[in-house]
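The sequence and coordinates come next, followed by the notes.

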Amino acid sequence: MIRKLRSILDTLEPHFLKGGKLAKLFPLYEAADTFLFTPSSVTQTTAHVRDAIDLKRMMFSVIIALQPVILMAQYNTGLQANLGLQAMGMDASPSQWRALILEFLGLGYNPHSLWDNFVHGMLYFVPIFLVTQLAGGITEALFASFRKHEINEGFLVTGMLYPLTLPPDIPLWQVALGIIFGVAVGKEIFGGTGKNFLNPALTGRAFLYFAYPADSSGNSVWVAVDGYSKATPLADAAEGGMPMLTANFDWWSSFLGFIPGSMGETSALGCLLGASLLVVMGIASLRIMVAMVLASATVITLFNVFGSSGYFDVPFYWHFVMGGFAFAMAFMATDPVSAAYTGTGKIYYGLLIGVMVAIVRVINPAYPEGTMLAILFANSFAPLIDYFVIRSNIKRRLARDG
């Protein structure tokens, strides 16, 4: 079977090469070929470095690390929807096509049923995921064809991270618009994979937040039931501090992910599992993660000491399990392209994110998340951080050799 597929691709290849009828579509052929098989091209120059990790292996490793988050996203989305339906006495129901699929599968809306929750959540996550892949993939292919470069595996990761940052009930046309903006403006206009200084998934998410705030913020978007709303821990903490937060949520439920929120950002446990795998494989920077956590914990503790009420009373260990902190720490802040590159620079980069998250969350309760903007802010300063680190190293070496 594998040899047959290889033979078919080899037969089609001349049509996509220069001079062939389908030459303009070569990036699509090349993407399918390298997705299925190891590239046949080799380095022609004499000076190069061999490494066990290439771009494809790196991206697939991130995809594997995301699986606990994706599974929990689907389960918790269904759980929150079924709990909402139960709270309303079934006066509300999911959309007609979702109800028909659940009925066909013999499933209901029981929040105590693993499969009811998981399948119900899939009916929200999968359409968003497919729209992301379609709209983003077409955008990537168009730029690749126009600029005559290959379609990199980078979009595979962007196309999985982006849906996980969204609420379950967001309109699908907004999903498409956001990922198109993220790919085009956040990556392709800077040269494509490896040349973007902003995280494309966060760029698309930020665009939706500011362009359509009613559909990506507020209490009504986190539970996929029409007419039912429920606040997230972040919203409760911003409104009523620790008394309101602990009255509606407990820390362990927030850590495990059984709370309302963006689909992939609720489970700190799932994010930590993925982060551990990426650190062990040498893909994600432990320096960035540790610096981000220590900076947030320090600044938030200072707010606890000098603050008097509201968000100032929320301790740092609660911040780590609320909103997108754990997800951003594991998968967004450690993006090797948009993060700082130097070893010392990674520490300063992580510290900057941690401080910004704490300041935005506590000082500005109107926007209680903060993580998304903190990372995009740090992305824009990462090249400058690396520049000063390198300049400092050069000065120190010259003084030593001087």
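How many cavities of 30 Å³ or more does the structure hold? In this predicted model, there are two cavities of 30 Å³ or more.

**Largest cavity**

- The largest cavity contains about 300 Å³ of space.
- Its lining is made up of 22 residues, and those closest to the centre are Met-59, Val-157, Leu-161, Asp-335 and Pro-336.
- Two or more lining residues are given by each of the elements α3 (55-87), α6 (154-164) and α8.
- Helix α6 provides the largest share of this lining, with four residues.
- Sorted by class, the lining of the largest cavity comprises 13 nonpolar, seven polar and two charged residues.

**Second largest cavity**

- The volume of the second largest cavity is about 30 Å³.
- Lining this cavity are Asn-76, Thr-77, Gln-80, Pro-168, Trp-222, Ile-259, Pro-260 and Gly-261.
- The class count for the second largest cavity is four nonpolar and four polar residues, with no charged residues.

**Helix α15**

- Helix α15 spans residues 325-332 and is mostly covered, with eight of its eight residues buried.
- The buried residues of α15 are Phe-325, Ala-326, Phe-327, Ala-328, Met-329, Ala-330, Phe-331 and Met-332.

**Leu-245**

- Leu-245 belongs to helix α10, which covers residues 233-248.
- The relative accessible area of Leu-245 is 0%, so this residue is buried, the cut-off for that class being under 20%.
- Apart from neighbours within four places in sequence, Leu-245 has contacts with Pro-233, Asp-236, Ala-237, Val-314, Trp-318 and Met-322.
- Between the C-alpha atoms of Leu-245 and Tyr-311 the separation is 9.9 Å, and the two residues are 66 residues apart along the chain.

**Lys-187**

- Lys-187 sits in the loop between α7 (172-186) and α8 (200-211).
- Is Lys-187 buried or exposed? Lys-187 counts as buried because its relative accessibility is 2%, where buried means under 20%.
- The side chain of Lys-187 makes a polar contact of 3.0 Å with the side chain of Glu-140.

Terms used. Residues numbered from 1 in each chain as written. Predicted model: local features only at pLDDT ≥ 70, side-chain atom pairs only at ≥ 80, totals over all residues. Heavy atoms only, no water. Buried < 20%, exposed > 50% of the residue type's maximum accessible area, 1.4 Å probe, protein only. Contact = heavy atoms within 4.5 Å. Polar contact = N/O pair within 3.5 Å; in protein donor to acceptor, adjacent residues only side chain to side chain. 1 Å grid on protein atoms, 1.4 Å probe; cavity = no way out; pocket = protein on both sides within 12 Å on 5 of 7 lines; lining within 4 Å. Points joined across faces, edges and corners; volume = space filled by probe spheres on them. Nonpolar A, V, L, I, M, F, W, Y, C, P; charged D, E, K, R; others polar.
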